[in-house]
Amino acid sequence: MSFGAKFRVLREAKGLPRAGIDEWFNLMPGTVSNWENGFQAPEEELLPDLASFFGVRISDLTDEAA
């Protein structure tokens, strides 16, 4: 499963809109949409914060095998 697909599952499980994540992490509007649709990936330095926010390991977000 891709990063974007995993991220979408985690975001939807929390009941959060894409725009809410953009705002929470001070991202440009549409950034989360781009991640979820595979057009871009988050900056590497943001991964620890994203993993912590969702209560998962970084590898849970980034490993394709999961």
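Which side chain is joined to that of Glu36 by a polar contact of 2.6 Å? The partner is the side chain of Arg11; a polar contact here is a pair of N or O atoms within 3.5 Å, where, within protein, one atom must be able to donate a hydrogen and the other to accept it, and residues adjacent in sequence count only if both atoms are side-chain atoms. The model is a predicted one, in which local features need pLDDT of at least 70 and side-chain atom pairs count only at pLDDT 80 or more, while totals for chains, interfaces and linings use all residues. Residues are numbered from 1 along each chain as its sequence is written, and side-chain values use heavy atoms, with hydrogens and water left out.

Glu36 counts as buried because its relative accessibility is 6%, where buried means under 20% relative accessible area, exposed over 50% and partly exposed in between, with a 1.4 Å probe and protein chains only. Once residues up to four places away in sequence are set aside, Glu36 touches Gly4, Phe7, Arg8, Arg11 and Arg18, contact being defined as heavy atoms within 4.5 Å.

The charged partners of Glu36 come next. A search of the whole structure finds five salt bridges, each being a side-chain nitrogen of Lys or Arg within 4 Å of a carboxyl oxygen of Asp or Glu. In one of these, Glu36 is paired with Arg11, with the closest N and O atoms 2.6 Å apart. This pair links distant parts of the chain, since Glu36 lies in helix H3 and Arg11 in helix H1, 25 residues apart. Arg11, like Glu36, is buried. Glu36 also forms a salt bridge with Arg8, where the closest N and O atoms are 3.2 Å apart. Here too the pair links distant parts of the chain: Arg8 in helix H1 and Glu36 in helix H3 are 28 residues apart. Arg8 is partly exposed, with a relative accessible area of 25%.

A further salt bridge brings together the side chains of Asp60 and Arg57, at 2.8 Å from N to O. Elsewhere, salt bridges that share partners join Arg8, Arg11, Glu12, Arg18 and Glu36 into one network.

Helix H1 can be described by its buried side. Its buried residues are Phe3, Gly4, Lys6, Phe7 and Arg11. These residues lie on the same side of H1 because they cover an arc of only 160 degrees around the axis, the arc being that of the directions from the helix axis to the C-beta atoms. Among the elements covering the buried residues of H1 are H2, H3, H4 and H5. Just after H1, Gly15 takes a positive phi of about 70 degrees.

Helix H4 (residues 47-54) has Leu47, Leu50, Ala51 and Phe54 as its buried residues. They fall on the same side of H4, because their arc around the axis is only 100 degrees. The buried residues of H4 pack against helix H1 (3-13), helix H2 (18-24), H3 and helix H5 (58-62). Gly55 follows H4, and its phi is positive, near 70 degrees.

The C-alpha atoms of Phe54 and Arg11 are separated by 8.0 Å, although the two residues are 43 residues apart along the chain.

Finally, the aromatic rings. The structure holds seven aromatic pairs; rings of Phe, Tyr and Trp (its six-membered ring) pair if their centres lie within 6.5 Å, and planes under 30 degrees apart count as stacked, over 60 as edge-to-face and the rest as tilted. One of these pairs, Trp24 and Phe53, is tilted, at 5.7 Å centre to centre and 45 degrees between the planes. Because Trp24 lies in helix H2 and Phe53 in helix H4, the pair ties together parts that are 29 residues apart in sequence. Trp24 counts as exposed at 61% relative accessibility. Ring pairs link Phe3, Phe7, Trp24, Phe25, Trp35, Phe53 and Phe54 into a cluster.

Terms used: Helix = DSSP H or I, 4+ residues; strand = E, 2+ residues; numbered from the N terminus.
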